[in-house]
Amino acid sequence: MKSVVEYFYETYGFVIQHTQWPCLQVGNQQRANYLPMEVCKIVEGQRYSKRLNERQITALLRVTCQRPQEREYDIIETVHQNAYREDPHAKEFGIKISEKLASVEARILPAPWLKYHDTGREKNCLPQVGQWNMMNKKMVNGGTVNNWICINFSRQVQDSVALRFCYELSQMCCISGMAFTPEPVLPPISARPEQVEKVLKTRYHDAMTKLQTQRKELDLLIVILPDNNGSLYGDLKRICETDLGIVSQCCLTKHVFKMSKQYLANVALKINVKVGGRNTVLVDAISRRIPLVSDRPTIIFGADVTHPHPGEDSSPSIAAVVASQDWPEITKYAGLVCAQAHRQELIQDLFKTWQDPVRGTVSGGMIKELLISFRRATGHKPQRIIFYRDGVSEGQFYQVLLYELDAIRKACASLEPNYQPPVTFVVVQKRHHTRLFANNHNDRNAVDKSGNILPGTVVDSKICHPTEFDFYLCSHAGIQGTSRPAHYHVLWDENKFTADALQSLTNNLCYTY
């Protein structure tokens, strides 16, 4: 046995001064390696890949966020500095790298017409450059919030301010087309962030006790959060979703004080969707004019897996799947989440079977649940499935396709023998290094206010795969920095979409939420 202090003195002649300080863990989870802090130096310029807090993210974005013109200049400058012409390895392999950006053909898809409620002054709306607002419009299906409560976790916000904010929000919801009671079930209550679980459960219980005498449900919880709230937001959502089963809407302190009309209108749109309303629908969907969607009942899935940050070695990955629950509108979505193995990209619970002591082999899973709820909501079995899968890297395309397409097939077959609706499986990537720039940055017809390419820009030649079905689509308007177009790669298509039909559908769907 030997103390760390003795060991370092005998082996290195190093006298440890701060014997009270904790050690640094410089190994990994399998083989830990502890060193005293004062014998370590951190090599500068290393990439830090662990989780960042809000302030760090803001500071990072301020540095890395560049307007398209600056970004383009930087890219060209970097290639120039890399001097590939003089590179002996490039010469040896006969590789030539152009110093100009590749010039590609692009098309700009038109925005879809959106339908609002007939009682509003504007019944239909055509978005301009990826933007539109709710002025003179009412939600096409306004939801109902009869019973709600408010909990305030911000020390700066007095109860009277919270009540005033909630009243203004309820008014905005009513103006936008919802039915929203201005009075809460219980008065707003203030609480400390560290008591989040206790306060949520107690207040929920109190409200439910009051409502159950009248056989009513609690429709909404409005929560006021501090501007920098760390893990509070996540804790709150977890408790609401998994313990209490209540719809929640969070608002930051800075917005509560400012109370701008635009903010309130945006929050009203979020609340309406959460309580089961519809903000808008595509005019083409109601008039049954969407190719390969309108002709027969079609369900649209979206799926993604979120992995923990490096350094969080034991946290699970979280898989989320949403699916449309209305047809022909395709605007309402139901979502399911489940935890799975650490850093596992394949979604484990799309389809699963287990042994029940009474019923024998039972099947279930996310796809089956969503197909059943689609049928319940619409009265139809889906006769087509379109599956948008986010966040799969190229190296995993076919592994994910094989596993997940198989899960979709099994889920369908478990509902009814020989039930196999045709499937289109599309992988969507946002994390890639392709950026698209307008040919002429000063052409007002080619760029939006932020200097970015126009929303609806599609590129499907030259920089795409020579034989497979893929395209870049930038469906959104730029706000700051350089827009990142989404890359869509169709891995499987039994619905036989033309490129035009799938590009147009994908662009239009971006306007429904």
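This report describes the annotated domains, sheets, helix contacts and backbone details of a predicted model.

## Basis of the description

The structure is a predicted model, in which local features need pLDDT of at least 70 and side-chain atom pairs count only at pLDDT 80 or more, while totals for chains, interfaces and linings use all residues. Residues are numbered from 1 along each chain as its sequence is written, and side-chain values use heavy atoms, with hydrogens and water left out.

## Annotated domains

Two spans carry names from UniProt, whose positions are given in the numbering used here, with shortened feature names and with annotations that may be inferred rather than shown by experiment. The unreviewed entry places the feature "domain: PAZ" at residues 1–44, and the annotation "domain: Piwi", also from an unreviewed entry, covers residues 220–513.

Helices (H or I, at least four residues) and strands (E, at least two) are DSSP runs, numbered from the N terminus.

## A parallel sheet and the helices across it

Four strands form an open sheet in the order β9-β7-β10-β11, with parallel pairing; two strands count as paired if DSSP finds at least two bridges between them. Because β9 (189–190) and β11 (248–252) stand at the edges, each with a single partner strand, one side of each is left without a neighbour in the sheet. Strand β10 (residues 220–225) is joined to β11 by five bridges, and Ile222 stands opposite Gln249 in β11.

Helix α5 (residues 159–175) lies across β7 (148–152), β9, β10 and β11, and runs at about 130 degrees to β10. Helix α6 (residues 196–212) lies across β7, β9 and β10, and runs at about 155 degrees to β7. Axes are lines fitted to C-alpha atoms, for helices over the stretch in contact, and angles run from 0 to 180 degrees between N-to-C directions.

## Antiparallel pairings

A further open sheet has three strands in the order β5-β4-β12, with antiparallel pairing. Here β5 (124–125) and β12 (281–282) stand at the edges with a single partner strand each, so one side of each is left without a neighbour in the sheet. Strand β4 (residues 114–115) pairs with β5 over two bridges, and Leu114 stands opposite Cys125 in β5.

Strand β16 (residues 352–356) and strand β17 (residues 360–364) pair in the antiparallel sense over five bridges, and a hairpin of three residues joins β16 to β17. The bridge partner of Gln355 is Thr361 in β17.

## Helix contacts

The axes of α5 and helix α9 (residues 261–274) come within 9 Å and cross at roughly 70 degrees. That makes α5 roughly perpendicular to α9, where angles under 35 degrees count as roughly parallel, over 145 as roughly antiparallel, 65 to 115 as roughly perpendicular and the rest as oblique. Contact means heavy atoms within 4.5 Å, and among the residues that meet are Phe165 and Leu169 in α5 and Tyr263 and Ile271 in α9. The residues of this contact divide into 10 nonpolar, no polar and two charged; Ala, Val, Leu, Ile, Met, Phe, Trp, Tyr, Cys and Pro count as nonpolar, Asp, Glu, Lys and Arg as charged, and the others, Gly among them, as polar.

The axes of α6 and helix α7 (residues 232–244) come within 10 Å and cross at roughly 40 degrees, and the two helices are therefore oblique to each other. Their contact comprises eight nonpolar, no polar and four charged residues. The axes of helix α11 (residues 366–378) and helix α12 (residues 397–415) come within 9 Å and cross at roughly 50 degrees, which makes α11 oblique to α12. The residues of this contact divide into seven nonpolar, one polar and one charged.

## Backbone details in two loops

A cis peptide bond, with omega of about 10 degrees, joins Trp327 and Pro328, and Pro328 has its place in the loop between β14 (317–324) and β15 (333–340). Ala83 lies in the loop between α3 (68–82) and α4 (88–93), and the phi of Ala83 is near 40 degrees, a positive value in a residue other than glycine.
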